[in-house]
Amino acid sequence: MSVSVDPTSVDPSPHQSEPAPTSGGAAGAAGARTATATATAPSAPDAGEELRPHAEDAFAAELAALAAQDDRPRPARWRMSPWAVATYLLGGTLPDGTVITPKYVGPRRIVEVAVTTLATDRALLLLGVPGTAKTWVSEHLAAAVSGDSTLLVQGTAGTPEEAIRYGWNYAQLLAHGPSRDALVPSPVMRAMAEGMTARVEELTRIPADVQDTLITILSEKNLPIPELGSEVQAVRGFNLIATANDRDRGVNDLSSALRRRFNTVVLPLPESADAEVEIVSRRVDQIGRSLDLPAVPDGIDEIRRVVTVFRELRDGVTADGRTKLKSPSGTLSTAEAISVVTNGLALAAHFGDGVLRAGDVAAGILGAVVRDPAADRVIWQEYLEAVVRERDGWKDFYRACREVSA
């Protein structure tokens with residue numbers, strides 16, 4: 001008879017944190033290497049020194065303020081109400097004057113649907129082209145709902161079934177056989193046992209047979225453990241957020257059975273150039289502060305130019321609608337614009353006067369646009385000569401781009 005596993009029984013004990021390899025002969029050597037690594041491991045960084053803190057750490061003050069002033073009904077094991085979660089993502093001002101910064105700039109209804117989905121028994125699939133903030137939104141949703149965004153499975157072509165179900169500490173397995181002590185829970189199993197939000201990134205990159213491991217979890221809300229004759233049953237508060245993009249090559253399409261277990265929310269590209277400029281400026285400012293780079297407002301004109309170039313080439317038409325353009329092979333996403341501007345700020349800080357200029361972003365734009373050296377270079381040269389060269393106030397940008405394109 002199947003027996004439900006107590007949540008505490010699937011928490012990994014300290015000796016389970018590094019599963020030994022499958023080879024029994026190598027188990028002892030692996031243990032020695034682990035002990036040596038532990039003895040020589042560097043000390044943990046001081047608070048605030050992390051290059052990219054988790055959302056629940058970076059925005060801890062905002063989350064605490066929202067939770068303290070949130071008097072609306074909360075689903076089981078949620079840190080705050082759905083209204084407060086949406087406010088955390090979209091931004092706003094609380095009654096006590098606390099300003100909540102926007103984490104996502106886009107249609108409010110999309111966020112409301114995503115949050116509401118997590119309050120039901122349906123899993124959430126965030127779908128969109130690359131660079132539409134799917135991972136960003138996923139992380140912040142988990143941070144606001146569960147206070148922990150780290151229960152994460154990163155999807156790749158090599159993601160094994162154990163990453164979604166569970167694995168084994170092979171030293172314990174060889175010594176004592178299958179037991180709860182030898183079980184190493186996956187992030188999804190932990191989320192089920194503790195009533196938390198799990199995340200699966202790039203779901204369509206995971207092999208199809210591994211994807212389907214989620215079907216039982218999402219439909220039956222339990223995870224069988226045949227080796228122990230038991231199971232883990234999801235407790236209230238558990239849900240799962242998956243992300244996938246619909247324009248990547250070499251992906252594994254979701255089966256219809258799995259897709260039915262998700263409520264799909266499509267994250268669109270920014271509606272306007274002003275919205276995209278705001279997104280890029282805000283994100284670059286956050287990254288820049290962690291890297292001690294110049295303030296974004298000093299380079300807002302260059303940010304607007306980068307966004308304009310990306311949008312025109314992406315849309316295949318100039319902003320005024322008068323000139324049709326050929327689109328290059330790259331996605332030219334908002335995320336890539338953020339990368340171009342951040343690299344430009346680093347150039348300005350370390351090899352310039354600290355002010356973002358055309359020459360600082362030109363090389364980054366070239367690298368983002370010209371992915372196919374043969375076809376994309378021709379498209380880029382045509383755009384430079386037909387559009388950039390004739391645009392008022394863009395002479396310095398044209399010269400900088402010509403210099404790096406030569």
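The lining of the largest cavity holds nine nonpolar, no polar and no charged residues. Here Ala, Val, Leu, Ile, Met, Phe, Trp, Tyr, Cys and Pro count as nonpolar, Asp, Glu, Lys and Arg as charged, and the others, Gly among them, as polar. The model is predicted, with local features requiring pLDDT of at least 70 and side-chain atom pairs pLDDT 80 or more, while totals for chains, interfaces and linings use all residues. Residues are numbered from 1 along each chain as its sequence is written, and side-chain values use heavy atoms, without hydrogens or water.

The lining residues of this cavity are L89, Y104, I110, V111, A114, L126, V137, L141 and L267. Two elements, α5 (108–118) and α6 (134–146), each give two or more of them. The largest share, three residues, comes from α5. Helices (H or I, at least four residues) and strands (E, at least two) are DSSP runs, numbered from the N terminus. The space in the largest cavity is about 30 Å³. The count is one cavity of 30 Å³ or more.

Cavities and pockets were found on a 1 Å grid over the protein atoms alone. A cavity is a set of points where a 1.4 Å probe fits but cannot get out. A pocket is an open set with protein on both sides within 12 Å along at least five of seven lines. Lining residues have an atom within 4 Å of a point. Grid points are joined across faces, edges and corners, and a volume is the space filled by probe spheres set on the points.

The largest pocket has a volume of about 720 Å³. Its lining comprises 33 residues, and G131, T132, A133, W136 and I279 lie nearest its centre. By class, 15 are nonpolar, nine polar and nine charged. At least two lining residues come from each of α6, β11 (239–245), α12 (273–291) and α14. Helix α12 supplies the largest share, six residues.

The second largest pocket contains about 490 Å³ of space. It is lined by 22 residues, of which P53, A58, R283, Q286 and I287 are the closest to its centre. Elements giving two or more residues to this lining are α2 (55–58), α6 and α12. Again α12 gives the most to the lining of the second largest pocket, here seven residues. The lining has seven nonpolar, six polar and nine charged residues.

Helix α13 (residues 300–315) packs against helix α15 (residues 358–369) at an angle of about 20°, with the axes 10 Å apart. Axes are lines fitted to C-alpha atoms, for helices over the stretch in contact, and angles run from 0 to 180 degrees between N-to-C directions. The two helices are therefore roughly parallel (under 35 degrees). The crossing of α13 past α15 is right-handed, the near helix being turned clockwise from the far one by less than a right angle. In α13, E302, R305, V306, V309, F310 and L313 meet A358, V361, I365, A368 and V369 of α15. Contact means heavy atoms within 4.5 Å. This contact has nine nonpolar, no polar and two charged residues.

Helix α13 also meets helix α14 (residues 334–351), the axes coming within 10 Å and crossing at roughly 145°. This crossing, too, is right-handed. From α13, the contact uses I303, V306, F310 and R314; from α14, T334, E336, A337, V340 and V341. Six of these residues are nonpolar, one polar and two charged.

Definitions and conventions:
Parallel < 35°, antiparallel > 145°, perpendicular 65-115°, else oblique.
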